[in-house]
Amino acid sequence: MNTLLNIIQRHKQGECNGIYSVCSAHPLVIEAALLQAKNDNSVLLIEATSNQVDQYGGYTGMTPEDFRNFVFELAENCQFPLSNLILGGDHLGPNRWQDLPASEAMVKADALIAAYVAAGFKKIHLDCSMSCADDPVPLTDEIVAKRAARLAKIAETTATQEFGKSDVVYVIGTEVPVPGGAAEELEELEVTTAEAATETINSHRVAFENEGITDCWPRVVGLVVQPGVEFDHTSVIDYRPEKATELSNMIEQHEHMIFEAHSTDYQTLQAYQDLVRDHFAILKVGPALTFAMREALFSLCNIEEEIVTKAHCSHLKEQIEQQMCLKPDNWKKYYQGDSHQQRFARSYSFSDRIRYYWPDEAISVAQNKLFENLTQSGLPFPLLSQYLPDQFNAIRKGELQGTPKAVVIDKIQQVLRSYAKACKLQN
């Protein structure tokens with residue numbers, strides 16, 4: 001964790017730098033991130049969320065140990081040095097078990113934290129901001145902080161038992177955006193006040209003292225607040241620095257802490273640069289990466305339909321629509337409106353609920369068929385120019401291989417390059 005602590009220390013000393021956090025479990029996204037960081041000769045932070053990965057498997061079917069092995073294998077295949085790789089856990093707390101009484105949900109959260117830390121995850125976002133079945137709504141800072149400190153103590157104990165000491169770093173915060181973007185139509189966002197952020201820090205410091213874990217307080221490096229950025233299905237609220245001036249000034253008073261910005265997907269390069277300058281030095285990105293991947297795959301489907309007979313096409317888009325309609329649990333409560341609006345959202349929403357369906361066997365088979373068809377036929381330049389012009393230009397310049405997989409990887413990396421540039425992680 002020295003690398004991450006060094007990045008934060010440099011930022012606190014006045015350098016306008018940061019780090020982005022890749023929150024995805026899709027192998028193509030992770031491979032794209034590994035190759036981008038390898039090209040940049042930079043550290044890479046990859047995080048699993050409590051929805052994706054837990055002690056029972058999450059929606060990916062992976063435990064924390066499974067996810068670690070999965071990422072490590074991809075890193076080895078990409079010849080990416082493990083010394084430059086940091087694994088983190090996002091929204092770790094009772095999020096998955098909000099329908100249970102708090103006492104039961106927190107027992108499961110205890111086991112979740114222990115599993116992540118034992119598997120070698122070094123950056124832990126303690127998120128106890130959600131109310132459980134018998135909780136008041138919303139929770140007070142004191143309740144959230146007390147639960148977070150309880151989980152931190154378990155993390156410290158687990159790390160010491162497993163590795164002889166703890167070097168786990170923590171992120172805290174009570175004003176935590178909903179994972180994966182807003183579910184309803186956006187309205188103007190209120191930026192977290194400096195007073196509220198200060199109260200969050202103070203309540204957590206007291207809670208850590210009460211749990212007897214003040215030794216790890218200097219490793220509480222990040223605070224999640226609302227900087228005024230968000231996205232929903234069809235719109236994005238852009239960062240406005242003038243609204244976060246007081247908040248930005250406040251964190252300068254805390255020598256080892258910066259802000260962690262969630263829901264930064266789909267912001268502009270200028271916004272990322274402004275966020276990093278204003279001490280939002282950890283930028284989380286997730287749905288924008290799988291959204292870019294989906295854009296590339298749908299573009300490849302369009303190319304395939306032009307050059308492959310219908311009987312031999314992959315029908316990937318149709319297969320996705322079919323599986324999402326057969327198993328609507330991961331999108332039904334998020335996508336409102338009539339049947340036409342829901343169909344549009346299933347494919348094109350910025351919240352990208354398709355990301356829950358990529359592991360489906362029928363969809364995987366169709367994606368493989370798409371790659372096989374276009375590898376065999378080749379990617380015609382006129383159609384690349386039509387559907388993937390940036391990749392077309394890169395291929396012509398000899399900067400990119402003309403294969404379906406390389407095109408998808410590069411489309412994902414277009415998103416990552418903006419983050420890397422804003423964080424000053426590029427060569």
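Reader: Before we get going, what does buried mean here, in terms of relative accessible area?

Author: Buried means under 20% relative accessible area, exposed means over 50%, and partly exposed is in between. Keep in mind that this is a predicted model.

Reader: Which residues sit on which side of E1?

Author: Ile19, Ser21 and Cys23 are on one side, with Tyr20 and Val22 on the other, and both faces are covered. In a regular strand the side chains alternate between the two faces of the sheet.

Reader: What does E1 pair with, E10 first: parallel or antiparallel?

Author: Parallel, with four bridges joining E1 to E10, residues 282-285. Within that pairing, tyrosine 20 stands opposite leucine 283. E1 also pairs with E2, residues 44-49, in the parallel sense over three bridges.

Reader: Which residue in E2 stands opposite serine 21?

Author: Leucine 45 stands opposite serine 21. Cysteine 23 has glutamate 47 of E2 as its bridge partner.

Reader: And is E2 mostly covered or mostly open?

Author: Mostly covered, since six of its six residues are buried by the under 20% cut-off. Leu44, Ile46 and Ala48 point to one side, and Leu45, Glu47 and Thr49 to the other.

Reader: Let's hop to E4. Which way do its side chains point?

Author: Lys123 and His125 point one way from E4 (residues 123-126), Ile124 and Leu126 point the other way, and all are buried. E4 pairs with E3, residues 85-92, in the parallel sense over three bridges. One of the residue pairs there is glycine 88 with lysine 123 of E4.

Reader: What about phi at glutamine 79?

Author: Glutamine 79 isn't a glycine, yet its phi is positive at about 55 degrees. You'll find glutamine 79 in the loop between helix H3 (64-77) and E3. Glutamine 79 is exposed because its relative accessible area is 63%, and the cut-off for exposed is over 50%.

Reader: And histidine 315, what's its phi?

Author: Histidine 315 has a phi near 55 degrees, again a positive value in a residue other than glycine. The loop holding histidine 315 runs between helix H9 (287-307) and helix H10 (316-326). With a relative accessible area of 31%, histidine 315 counts as partly exposed.

Reader: Switching to valine 225: buried or exposed?

Author: Valine 225 counts as buried, because its relative accessibility is 2%. This residue lies in the loop between strand E6 (220-224) and strand E7 (230-231).

Reader: Who does valine 225 touch, leaving out residues up to four places away in sequence?

Author: Valine 225 touches Glu175, Thr192, Ala197, Leu247, Phe259, Glu260 and Phe280.

Reader: How far is the C-alpha of valine 225 from that of alanine 422?

Author: Those C-alpha atoms are separated by 20 Å, and the two residues are 197 apart along the chain.

Reader: Now aspartate 99, where does that lie?

Author: Aspartate 99 lies in the loop between E3 and helix H4, which covers 102-118. At 63% relative accessibility, aspartate 99 counts as exposed. From its C-alpha to the one of lysine 146, 47 residues along, the separation is 20 Å.

Reader: Let's zoom out. How many helices and strands are in the protein chain?

Author: The protein chain has 15 helices and 10 strands. Of its 427 residues, 58% count as buried.

Reader: How does the radius of gyration agree with a compact globule?

Author: A compact globule of 427 residues would have a radius of gyration near 22 Å, and the protein chain has 22 Å, so the two agree. The C-alpha trace spans about 70 × 45 × 45 Å along its principal axes.

Reader: What share of the contacts joins residues at least 24 apart?

Author: 74%, counted among contacts between residues at least 6 apart in sequence.

Conventions:
Residues are numbered from 1 along each chain as its sequence is written. This is a predicted model: local features need pLDDT of at least 70, side-chain atom pairs count only at pLDDT 80 or more; totals for chains, interfaces and linings use all residues. Side-chain values use heavy atoms; hydrogens and water are left out. Helices (H or I, at least four residues) and strands (E, at least two) are DSSP runs, numbered from the N terminus. The radius of gyration is taken over C-alpha atoms; the globule rule is 2.2 Å times the number of residues to the power 0.38. Buried means under 20% relative accessible area, exposed over 50%, partly exposed in between (1.4 Å probe, protein chains only). Contact means heavy atoms within 4.5 Å. Two strands pair if DSSP finds at least two bridges between them.
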